[in-house]
Amino acid sequence: MTRPRIFVVEDEALSRAGVHHYLADEFDIVGEADSVSDAVAMICDLVPDLVLLDLRIKGGAGIDVIRQVRETRTGIKFLALTVSTSRLDVLRLLSIGIDGYLTKGVIGDDLPDRVTEALNGARPISKQVAGYALDINEGISDESGIDRLTQRQLEVTRLIARGYTYRETAGTLGISVKTLEKHVGSIFEKLGVASRHELSALAYESGLIDTDR
């Protein structure tokens, strides 16, 4: 009988070791990566049954991996395994159809059962964040953090979301790239995002781009 094929996206060696320890008896761990670019390339090549991924990894975020893989590969399931209990993170992942959301406290004897549930079409969600799933129809704009941005930060966010490079954004706003990078750092901190791709997604999801047209 063919065993389910699992790919692990995680940048902490200890967490990867824990996943291997608890899953190796029942699943084939076909590969692992610790960055967005490596993960996307390897997942598209290996086409596993399920990807177990952290939300904060090198070069971006887990949501970036999901979006990029789905551009060329369908049918792969994605199960978040993260320390984040943020409502915003949960709603973002559920809104794009992730197959489950687990906090890292489940790395133990129950992990194989949760992975099996996701493979069988259920959507396992850790009890710490399960209540947020009830809010999925409310959207995320009310807690997106967009309203905490200054006018300048809103301008930066709009341009980046529309695909402008940092140099192009700085030139359009008449500021230096160094100053722009400071604005971007503050924006990332306020919104809880880890990459320009995630920032762009949040800008569209929150309605910021639509209201600016």
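**Legends to close-up views of a predicted model**

**View 1. Parallel pairing of β6 with β7 in the predicted model.** In this model, which is predicted rather than determined by experiment, strands β6 and β7 are joined in the parallel sense by three bridges. Within this pairing, Leu 81 is placed opposite Leu 102 of β7.

**View 2. Strand β6 and its pairing with β3.** Strand β3, made up of residues 50–53, runs parallel to β6 and is joined to β6 by four bridges. Leu 53 is found opposite Ala 80, a residue of β6. Strand β6 itself spans residues 77–82, and because five of its six residues are buried, the strand is largely enclosed by the rest of the structure.

**View 3. Helix α4 and the residue that follows it.** Helix α4 covers residues 87–95 and is mostly covered, with eight of its nine residues counted as buried. After α4 comes Gly 97, for which the phi angle is positive, near 85°.

**View 4. Asp 99 in the loop between α4 and β7.** Asp 99 lies in the loop that leads from α4 to β7, the latter formed by residues 101–103. Asp 99 has a relative accessibility of 16% and therefore counts as buried, the limit for that class being under 20%. When neighbours within four places in sequence are left aside, the contacts of Asp 99 are with Arg 70, Ile 76, Lys 77, Phe 78, Leu 79, Ala 118, Ala 122, Arg 123 and Pro 124.

**View 5. The whole protein, as the setting for the close-up views.** The protein contains nine helices and seven strands, and its C-alpha atoms fill a box of roughly 60 × 35 × 30 Å along the principal axes. Its radius of gyration is 18 Å, which agrees with the value near 17 Å that a compact globule of 213 residues would have. Of the 213 residues, 47% count as buried, and among contacts with a separation of 6 or more, 66% are made by residues 24 or more positions apart. The protein exposes about 10,300 Å², of which carbon and sulfur atoms supply 48%. There are 25 positive and 33 negative side chains, and the centres of these two sets lie 6 Å apart.

Conventions
Residues are numbered from 1 along each chain as its sequence is written. This is a predicted model: local features need pLDDT of at least 70, side-chain atom pairs count only at pLDDT 80 or more; totals for chains, interfaces and linings use all residues. Side-chain values use heavy atoms; hydrogens and water are left out. Helices (H or I, at least four residues) and strands (E, at least two) are DSSP runs, numbered from the N terminus. The radius of gyration is taken over C-alpha atoms; the globule rule is 2.2 Å times the number of residues to the power 0.38. Buried means under 20% relative accessible area, exposed over 50%, partly exposed in between (1.4 Å probe, protein chains only). Contact means heavy atoms within 4.5 Å. Accessible areas come from the Shrake-Rupley method with a 1.4 Å probe; for residues, only the protein chains shown count as cover. Lys and Arg count as positive and Asp and Glu as negative; His and the chain ends are not counted. The place of a charge is taken as NZ of Lys, CZ of Arg, CG of Asp or CD of Glu. Two strands pair if DSSP finds at least two bridges between them.
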